[in-house]
Structure formats: structure tokens, C-alpha cells
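Student: I'm new to this one and would like a close look at a single part of it. Could you show me the structure before I pick?

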Amino acid sequence: MYQGTEEVLHNETLRETVYKRTHETGLPVYFCHKPGFQKRYACFATHYGSVDTAFSAPGLGRQQVADGVAHFLEHKVFEREDGNALELFSKRGAACNAYTSYAVTNYLFSCGDGFFDHLGALVDFVLTPYITDENVEKEKGIIGQEIRMYEDHAGWRIFTNLMAGLYQNHPVRNDIAGTVESIAELNTESLYACHRSFYHPGNMIAFGIGDEDRERFFETMDASLARHPEWAAVEGVEKHYPDEPASIADANRVLEMEVSMPQLLVGIKDRSAGKTGRAFLKQELVTDILLEIVFGKASAIYQQLYADKLIDESFSTHYSAYGNIGFSVIGGDTEDPEKLANAVRGEIEAARDRGVSAEDFERQKRASMGSFFRMFNSLDFTANNFCTYRFYGVDLFDIIDVLHSIEISDLTDRLSEHFCVDAVSTSAVIPKGQ
Amino acid sequence: MVASGFSFEVSNPAPGVTFHINENAKRKTNRLHVYWIGDLDESTVTKRALLPTLLTRGTRSYPTMQSMTQREEWLYGTSVSTSVVKVGERHMISVRSEFVNDNYLPQGESVLTDVVSFLRELMHEPQLEGGAFPTDVLEQEKLNQRRLIESLINDKRSYAHERCVQAMCSDEACRIYEEGRVADLDAITSQDLLSLLDECHKSAPMHVYFSGDLDASTAAAALQPLVGERATNTLGLRAPGADRTPQGVRRVEEEMHVQQANLVMGFRSHLRFADDASIAQAVGNALFGVFPHSKLFVNVREKAALCYTVGSQLDRSNGTLFVHAGIDAGNAGQAVSLIEEQLAEMQAGNFTDADLDATKVTLDNRLLMLEDNPAGLMGVDLAWRLNGSEYDHAAYRDQIRNVSREAVVEAMRRVELDTVFLLKPTQ
């Protein structure tokens, strides 16, 4: 059963509509109809990620769990006595998957037909993890290889090293999967404790998308949830994060790896993160547009650095925010990380003095608009991002209106707020033995 | 079963030029891919790889990378990229673009004509100085290409795959790395590249794929400027190399400063697109190592917990099959035997009918979902064509459904181990 009436969220520019109902358990359930599409997709997400290692929950008191527990739990949720979810979905013609970010764990599947059967199976898996001493030990072997794979991935290592340079205490400085050593501590008890505390209706969202019947979608979700009568909101779960100073941890971090040429990332720690609702979305869009204007391919500095052979096409920028954490990242492959770092720092200062031209601003707004049309072609993008943004109180379809509401003064304000060299940390990877 | 619905309408607007147009109102953006086809050959691979990088450095009206980028941004963030692609023994220069469907733009606005005109200049009228690519631009793109070729080692899995192919197919064209060779770069002149571009314009087989909300004849008329002036004769392509039989199993090891070992096992599958039995082999391979219910995933990852990634991929252009696993170097021997055992199980018919049916259903679902992905279908359609076959999406789905157990076993029995390559941590 659902509470209250259905809400309809519509955006005329994107020509997309999402229907929301609140399940009696409190779980928000969303459906987006995509006429003519053959693919169907659904996801079931929890606002629980790798940074949520310290928390209090009723009956458990204050907990401090090992790094990597959210990701480890993701693997175990997709397991059952009679097999692994990946295998079981695959046997029925569908493909399921899951991922863990700093802030969210998301379970998903895509299929051509059989959508409603798979939807029920997804709910069952997520709500009934199968965790035994034996399968926890086995998983340590598999995840150990996953961690080793990432350890050889320069693009990932340089990013996690940047996080450790930007943040002094916040767990965002630790790798999402933890380490081979940290996951060695994990046991069934800690995994179940995390599941009970974070996989409850007050902390989750379900989203379905495709050319299917809306009523049947909501009925199937209801019937699937009814198979788990004990599943109810848990009141009083609190996440704890350490105090994070405004200053960075390290100005420069360098790692030697087996790579063909050095790489550099410059990070700017956002001291104004932690907004919610439209303000969160606006801050993200404004920062992305600003980064594109200052460092994008059409900028003067990009052309200069490219001509000086300090950067190539891999040079790019992005801004990310996870709750009270936010950061800008600028960089790519380079022959000379130190020279590039100095040039980027210099440009951060220069941009503050220069401000933003109306022409650049208009052009970037048009480019952003086009990129949204591209992104909303994707069912996966729509579903995953709708859920993630909901956790920050944002309706993803507001993205167009928010973009239109941005004025040049928002950009100049953000320049002086965020483009601060004392909030900058750099991370480099250099070839071994150089 | 859901009705299938995807096709390209094919037309020939000029000698050697084929348009493939998919009328598609589902998406908010249009897709356009252009391919100039050539042979994969050591003597031309590097200049073919270098040419597309120069096309993005300036055109007649937008003479700098900066002005080109600004133009793309102004056209509602139209994406434009150029690259080389390798399929079997063919080497394609490609130009790809995605841009907003005019129906979604603010009233009265349109980008279609502007995008086509921009791409026409990019393909046909690069920025030249005194009839040549500017020296500094050419030198810089040579440097970037060198870095790109050298960067293969940054992705350990791709590197291990490439090294296995080189060891296994040491005298076959398919071994050639599509981004070229560092040693060739110095000698390439602007004239070499302009001659190559002229050959593309006039006589290389050219395929133009479009998917968007336009009927086929309107789209064909809109795309016509991309064709340029064609010669009456189109360049012929080399016949594909002969099938090889392994002479025992070759074992190659290489050390690197890595945490994880990458194992690649190269097999000869002996069947190519033109062989009907290759469809049964595609089904067999999917059950062997593509899906999470496959023999490799279930036994090597889930039961033995030897790895996080394991999988097999069939190359129907070359008649080869590769298995990849990221493992602990100490387990390499065990992993190789376990993978060989799983293949032997397939060849002995030791799989259930339920597993075979599941594989066919999963493949069918994948094909069904591919209908939402025009760019993916462009790649599939082209790969079939380059191998002398025509891709009929609906018919292919039927063929997959009708593959018998006997045909799968028979096709998998053709698979023979050729080379075992191990990239392992330095001792």
C-alpha cells in the first residue's frame, strides 16, 4: 500500500515525467515511462557509502567499522544460499550490477523483457543479505583481487591520493573498497549491523524506468515489499564524521607507478559544501561551468598549455559533491607535473582577478544544455542520478530550470569563494625509477 | 517475445560511398559516424592513426582548436571526435558526432545544417599554411601520438591483451596495434598525410551512419555535403589472411612493477563471420565466459575465488578467442588448468539445457536492448560488412534462438589453445 497521493514531476524541455508514490513503509518509489525503448532498468539505492564508517544505531550504540565495509556488504547483498545475484539474473536473461560510492550504494538491473520478475528479485536480494563466516572469507579473496586491480590503476590511485591530500580527517580520504588489511577484520556481525542500520525504508529509494505499465510497476513494488513484513524504518540512526579543518592535509603528494608518462591532478577543497535542495544543484552547475570557462578546451590557458606541450586531450575538469564534502579536480597527463601544477595555481589566481566574460558564460550554458539532452537519453543515467540527487533533497528534473536561473554574478561570487590557492592540493603519478 | 525494430536504410549517393540511415524519434540527440576504410598494414598504420588527430586542429572557417571548440560548444555542446578503429585486418579513420535533435531546441532553432557544415570542413578542409599542415601543429600531434602509443602500458589489462595478440599472431596483420608505431612518426610528412586524406576523399570505401529524427531521404540530402568529390574507382581491400593452426602451446611471461598478475590465454576458434557455425560458437562462448552464469565466472571466480575479473571474448573477424583473468601470480598455474577444464567441459557437452537456454535468452535480451543504442548498432553493422556479410538484426536474433546443443558443442570443439601470456609482478 502507498500513502497519500501520487506526485507528478515533469520537465517540459526534457520531455520527461516521473511519478512518485510513498510506500507505507516510508520508502519513496519512482517510475519514469520511456515509450518506445526496449531496455528496462531499475535501481534500489541506499544513502550509505564508504564514508559512513562511524555511526550510532538503536541497540548497537556507537560503532566504528573497518574501511571498505559498505563495498564488502554490496558484494554480500547480492548473494543467496542458492547462488550469486549476478549469476541468477543472468540465467533469466537480465544483467544486474551494484556499485558503492563515497555516499551511496546502488543495486540495479537492466533487461529487455521479464521486467517485473526481475524487479521482485532485486527487492528480495537487497532486503535479505546472505552472510556466513564461510562466504565472508571467500569474498575476501575476490575483493582482494579487485583491490589489487585498482592498485595498478594509475587513474584511480592518483585520485584517491588527491583525496588524502585534500582531507585531513574525513573518511573520503580512504579508498572506497578499503585495503586488503582493513577488510581482513570484517565479520558477519559487523556486516549485518551495517545492513540493519542503513538498508531501511527511511534511508533508501527505488526507481524504475522503461516502456512498462506504471500501475503494474507500483503494484509489483508493493507486492515485493510485502514479502518482507519485518522491513521497517529504523529511527535514530546517526552518521558521525570527524571535524574537518578548512585547511588541506598535504600540498603535494607523489606516487611512483609503472606508467608511460607522469599524470597530475590539482584539487580544490570546497569549504562551502554541504548545501541541499536547489542550492546544492546550483552550486554544482555553477562550479562545473566555471571550471569549463577557466580550464576547458576553449579557454586561453588550455590553448597555451597545449601549445607548450604540457597537456594533451586528457586534460579535463570536474566538480563533485557528496553531502558535506565537495571538491574540484583539474588535470591529466603531463611531461612535467610541477610546471603544470604551478601553471594551474597561477590560473586559479588569475581567474579570480579576471572574472567571467558574458560570451563565455552564454556559450557554456548552451553546451551544458546540450549535454543534459545527451545524458537523459540514458535510462541508467536518469535512474541512478535521480536517486543520488534525491538523497541531497534535489529533483534532478529541476536541472534545466536551475541552469536557466544562473546569472553571471553567481559565477563571479563562486570564483572568489572557491578558487582559493590555499585550498589547493596536488597529486602526481610519475613513472617508476624516474 | 518483444517485436524487434531496428534497421538502417542503405543507399549509395556516390561511388564507394554508402549511407546507412536509421530514422529514430526516441532519442533527444542525433548520432553521426563516418568511416573511411583501409587495410591494417605496417606501412600505413602510423600515418592513418596520425591523420585524424590533425583534423581536429583547425578548419578553413575555424582555424584553431580553440575556435573549433567554441563552435562545438555554441552548437549546444555538439560532440565531435576523430579516431582510428581496427576490425580484423581493416583500419578505419572515423569521425563521430552527437548533437541535439532540432525538435528539442528552443523554438525556431536548428543545429543540423550547421553541424553537417562544420563536419564537412573538418573532413575536407583542414587548416593549412602554404598547402601543408602547420609545422608546429604537425610536430605536436606527432608527440601526442607517441605518448598515446606509449600509454598502452598504463592499462595493464589492455597491455597484456595486446602482448598476447602480438605473440600469437606474430606474422598476421591483426597483430598490428591500431595507434601505430613510435619509430614511424619522425618520417611522416604533411604531404604523406594530405595524400592519404585525398585518397580518403576520392577513393577509400566510405560509410556514413546516421540515426536521428529525420526520414531517410531528408537525412540523405542533409548528409550529402559530407561526401565530397569521388573518383569513379574505389580502392580494393586485401583478402583476409588464412586461418592458422597452433603448433603446440606457446608460453610467454613478462614482468612489470604491478600488484596483480594479468593472464591472457589466446585460442584459435577457426570460425569467422562468414561461417554459419560461428553463430553457435558465439552462443558457446557466451556460456563459456561472457555472462555471470558462465563456466568461467561460476567456477574460476565464484567457486575458486581466484579473481575478480574473468571473461572470454570471441573475435569473429580473426577467428580467435581470448580469455582474460586478473589473478595473484602464485595462482597462475591453477587458473590456467581451471580455465582449460572449463573449455573441455563445453567441448564435452557438459552443460545443462537450462544453462544453454538461459544463455540464448540473455543474448537475445542484450540484442533487444541494443536497439536503444544506435552507436552500438552502427559498430555491429560495420563489423559484419567489413567481413563480407550483411547484418540483419531480426534474422540474427532468430538464428541465435535456433542454435542447437549439438551445434554449440561442435563449434566449441573447434577452439584450440595457442598462446598463454602472463604479465606478472617483478620478483
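Predicted model: local features only at pLDDT ≥ 70, side-chain atom pairs only at ≥ 80, totals over all residues.

Student: Let's take helix 8 of chain A: which elements of chain A do its buried residues pack against?

Tutor: A word on the ground rules. Residues are numbered from 1 along each chain as its sequence is written, while chains are lettered from A and ligands numbered from 1 in the order in which they are written.

Now your helix. The buried residues of helix 8 of chain A pack against strand 2 (16–23), strand 3 (28–33), helix 3 (115–127) and strand 11 (204–210) of chain A. Helices (H or I, at least four residues) and strands (E, at least two) are DSSP runs, numbered from the N terminus. The buried residues in helix 8 of chain A are Phe217(A), Thr220(A), Met221(A) and Leu225(A). Seen down the axis of helix 8, they fall within an arc of 130°, so they line one face of the helix. That arc is taken from the directions from the helix axis to the C-beta atoms. "Buried" here means 20 or more other C-beta atoms within 10 Å of a residue's own, "exposed" means 12 or fewer, and "partly exposed" is in between, with C-beta atoms placed from the backbone.

The length of helix 8 checks out too. The helix covers residues 214–226, and at 1.5 Å a residue its 13 residues should span 18 Å; the end C-alpha atoms are 18 Å apart, which agrees. The expected span is 1.5 Å times one less than the number of residues.

For contrast, have a look at strand 10 of chain A. Seven of its seven residues are buried, so this strand is largely enclosed by the rest of the structure. Thr105(A), Tyr107(A), Phe109(A) and Cys111(A) point one way, with Asn106(A), Leu108(A) and Ser110(A) pointing the other. Strand 10 runs antiparallel to strand 4 (residues 40–46) of chain A, joined by seven bridges, and Arg40(A) stands opposite Cys111(A). Strands count as paired if DSSP finds at least two bridges between them. Strand 9 (residues 95–100) of chain A is also antiparallel to strand 10, through six bridges, and there Ala98(A) stands opposite Tyr107(A). Strands 9 and 10 of chain A form a hairpin with four residues between them.

One residue in that loop is Ser101(A). With 18 C-beta neighbours inside 10 Å, Ser101(A) counts as partly exposed. Leaving out residues up to four places away in sequence, Ser101(A) touches Gly49(A) and Ile176(A); contact means C-beta atoms, placed from the backbone, within 7 Å.

Strand 10 of chain A leads us to the other chain. In total, 49 residues of chain A are in contact with 53 residues of chain B. The elements giving two or more residues to chain A's side are helix 2 (85–91), strand 10 (105–111), helix 4 (133–151) and helix 12 (358–375) of chain A. Helix 12 gives the most, with 10 residues. As for confidence, the predictor gives the complex an ipTM of 0.94 and a pTM of 0.95, and chain B has a mean pLDDT of 96, with 99% of its residues at 70 or more.

Note on methods. Contact = placed C-beta atoms within 7 Å. pLDDT = per-residue confidence, 0-100.
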